[in-house]
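The report below walks through it one topic at a time.

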Amino acid sequence: MRQGFFRRNATMVIVLGLIAVLGVIGWITMGQQPFVRTALSGLTIGALYFMVASGLTLIFGLMDVLNFAHGTMFMLGAYLGWQFYTNPTFLFGLFPLVLALLAGLVTSPILRGAFMHLKVSEKAQKTIQTAVALTGIAVIVLAVRGLDILGLAKTAMVATMTMGNPLAEASAQEPLALFWFRPVLMFIAGLLLATASARPGDQTQVVYASDKRRAWIITGSLLVLTVIATVFRESAPNAVLLWNGNLRFFAALVVGALCGAGLGAAVEVSLIRPLYIRPLYQVIVTLGLAYVLRETIQVLWDPLAYQMTRPPMFSQPGKAENILAWFSGQNLTVDVLGVTFPSYRLFIIVLGVLMVIALGLLMNYSRLGMIIRAGVQDRTMVEALGINVRRVFTIVFMLGAGLAALGGIGAAPFIPVQPNMGDAFQLQAFIVVVIGGMGSYSGAAIGALLLGLARAFGDYLALKYSLSPAIAEASTVIIMAIVLLVRPAGLFGKKE
Amino acid sequence: MDNILEINGIHTYIGQFHILEGVSVTVRRNAITVMLGRNGAGKTTTLKSILGLTPPREGTVTYNGKEIQGRRAYDIASLGIGYVPEHRAIFRNLSVMENLKIAERKKGDLESKSEFIFGLFPDLKRLYRLPGNHLSGGQQQMLAVARALVADNQLLLIDEPSEGLAPILIEQMMEAIRILSAATTVLLVEQNFVMASKLAEHYYILDDGRTVHEGKMADLVEDKELIHQFLGTALHKGGRS
């Protein structure tokens, strides 16, 4: 069996061996300090690349969707996570509206059952559908018109975290007496959109009793949640602001990732799913979505670059002698093998490694992972076994978007938060995916590692020999070219 | 209900191509029914149309008295239909165990069936941990059949199980299908006439996307002219065309 292990993982062993050999050469020629510093920077970038690329590769491998909005998810994760960290008023104020809209939308199967038997001519069906959908959108506009928290989005970005008075950033919201009609309108808008998607009068549809039952349950629980979210929308932000800064930061990581995942699910269900028969349109839709989301962000937050403050855990002045000393001192920098390195970046490396491990466990030891691996090879056969592949698609899209958003909020404390922050990562992530092989998450891990290191060492060499910094950027493309020459399907690509 | 499956005049398109132009097949419970015909006659498409992988545009597919055409494939399969596709479409990057495990529809399916499966295909027990791409062609075919046995399926759609197998393996495969057909109904697509004639009780002949002949296998074996007309050289070469 041992022999089999090496044969099966030959590529992995060769690539890691190559990196190790290059590392030893680098260590000797560069000297310890520059080498360690460069390698750590490379690992930091590599960790972020992985978080963007892993979702991209799974989505492409399983669904054949080239998601050009993936970098946008990265950016959104940064914005939304940061909002939660500095001033969650905006998020909590918006939450009831989103829940109310969802509650309306999920009634689709119930409405389908109710309206499909209406006697409507085929021509009128289309008109009704369009008219109802447009009315729904108009109602949404009506519901958010004059919403004061939209302006609050910006205040969070210039917030200074005052230790003495954490509530200094909390802002007043409109009273419930004024606010209540917004979730109600959103629910109505959801119902209208659900009606449109239910295609009234189309008698060829099939409605299952189980779907209807599930829709009733989900709608009911979402409505309850809406009421709770509406009532607590003023006290919740204050409660969060009173939390310890570190706790709030980790919560922000989770919230950013969840927002990304939720948005990913919404995108898959509403935009990608109807287009599986037209793959090219999917690419165009994701590209368009990327632009729309970026413009929306610019409207809400202005086209500015912001800098997120680091959580207290990584910002105490001074240098920790080693990692253990950091745990008690929580310093800004840590001494690693003689190199002074920001502790926050070490955290990103750890986060990246944890994600590699978590995703590895998920892919290799869970039923979902098994289905994804099988689906990458032959999704028709997976469906023929009685597995709802479409639902797996949604889950994978959520997972990918969530990971990208996590990367975004993770990166926010050390790269500028701006509307196009995801673009460079998306481009590099595409290269990672091509190098690693479409659909292979371990390929994404190795590719991200390779590219991150190439980037960092390229920068180092460019600086040392006063070459153009473009060398570092080109190095990733050169690696891709070499890999494609040797293995056209990528390092771990199997799909023909 | 004697008939587990009734296909009535289905028309199926793949892209713009009109592949099935009225196929009607009835599968009697607890028997082996075989679909014969030349390459491109529409046999595989018929199986896929039953499962909803290539949904028929016209006609009805009735399973256990319920019309199932137009439903999603996973939904149809969940009603208890197992599918063994042609070309041994196993998941090559999954281990033998995972290939079987993924076919579970409820927890414990594999455990309760493993004795039966290993009884049919003892090889699979030995290869249990190996990835699918390490298996030989015959072993892959056995795995593909075994995979369809994991869940509680009442009907198995088996597409060319003998394809590309050595004669001794064909014998083994025939024996396995005979044993499993004691508990399950089988709809078989087979080009190997010798194998088909030994296994099946009822036959349908498809030609150019239509059902052109049907009857009892025992009668067909006698009718050399009919065999020659629709199955061409298949018989003369003692099997494959």
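What follows is a short tour under a few headings.

## Before we start

This is a predicted model, in which local features need pLDDT of at least 70 and side-chain atom pairs count only at pLDDT 80 or more, while totals for chains, interfaces and linings use all residues. Residues are numbered from 1 along each chain as its sequence is written, and chains are lettered from A and ligands numbered from 1 in the order in which they are written.

## Two domains in chain A

Chain A is split into domain 1 (2-72 + 309-486) and domain 2 (74-254); such bounds come from an automatic or database domain assignment. Taken over C-alpha atoms, the centres of domain 1 and domain 2 of chain A are 33 Å apart. Where the two meet, domain 1 of chain A gives 21 residues and domain 2 of chain A gives 14. Here two residues are in contact if their C-beta atoms, placed from the backbone, lie within 7 Å.

On the side of domain 1 of chain A that touches domain 2 of chain A, helices α4 (70-86), α19 (389-411) and α20 (421-436) of chain A each supply at least two residues. Helices (H or I, at least four residues) and strands (E, at least two) are DSSP runs, numbered from the N terminus. The most on this side comes from α19(A), with eight residues. By class, this side of domain 1 of chain A has 14 nonpolar, seven polar and no charged residues. In this scheme Ala, Val, Leu, Ile, Met, Phe, Trp, Tyr, Cys and Pro count as nonpolar, Asp, Glu, Lys and Arg as charged, and the others, Gly among them, as polar.

## The largest nonpolar core

How many residues does the largest nonpolar core have? It has 204, and A:Tyr49 and B:Leu157 are those with the most contacts inside it. Helix α3 (residues 32-63) of chain A provides the largest share of this core, 17 residues. Domain 1 and domain 2 of chain A both give residues to the core, so it lies between them. A nonpolar core is a set of buried Ala, Val, Leu, Ile, Met, Phe, Trp, Tyr and Cys residues joined through C-beta atoms within 7 Å. A residue is buried if 20 or more other C-beta atoms lie within 10 Å of its own, exposed if 12 or fewer, and partly exposed in between, with C-beta atoms placed from the backbone.

Leaving out residues up to four places away in sequence, B:Leu157 touches B:Leu47, B:Ile50, B:Leu51, B:Ile81, B:Tyr83, B:Val84 and B:Leu187. For a buried residue in chain A, look at A:Ala257, which has 26 other C-beta atoms within 10 Å and sits in helix α13 (residues 245-272) of chain A. A:Ala257 and A:Ala401 are 144 residues apart in sequence, yet 7.8 Å apart in space, C-alpha to C-alpha.

## A pair of crossing helices

The axes of helix α6 (residues 108-115) and helix α11 (residues 209-232) of chain A come within 7 Å and cross at roughly 125°. Axes are lines fitted to C-alpha atoms, for helices over the stretch in contact, and angles run from 0 to 180 degrees between N-to-C directions. The helices α6(A) and α11(A) are therefore oblique to each other: angles under 35 degrees count as roughly parallel, over 145 as roughly antiparallel, 65 to 115 as roughly perpendicular and the rest as oblique.

From α6(A), A:Pro109, A:Ile110 and A:Gly113 meet A:Asp211, A:Lys212, A:Ala215 and A:Trp216 of α11(A). Sorted by class, the residues of this contact are four nonpolar, one polar and two charged.

## Where the chains meet

Chain B brings 21 residues to the contact and chain A brings 17. On the side of chain B that touches chain A, α2(B) gives the largest share, four residues. This side of chain B divides into 13 nonpolar, three polar and five charged residues.

B:Pro85 lies in the loop between β6 (81-84) and α3 of chain B. Is B:Pro85 buried or exposed? B:Pro85 is buried, with 22 other C-beta atoms within 10 Å. Not counting residues up to four places away in sequence, B:Pro85 touches A:Met381 and B:Asp159.
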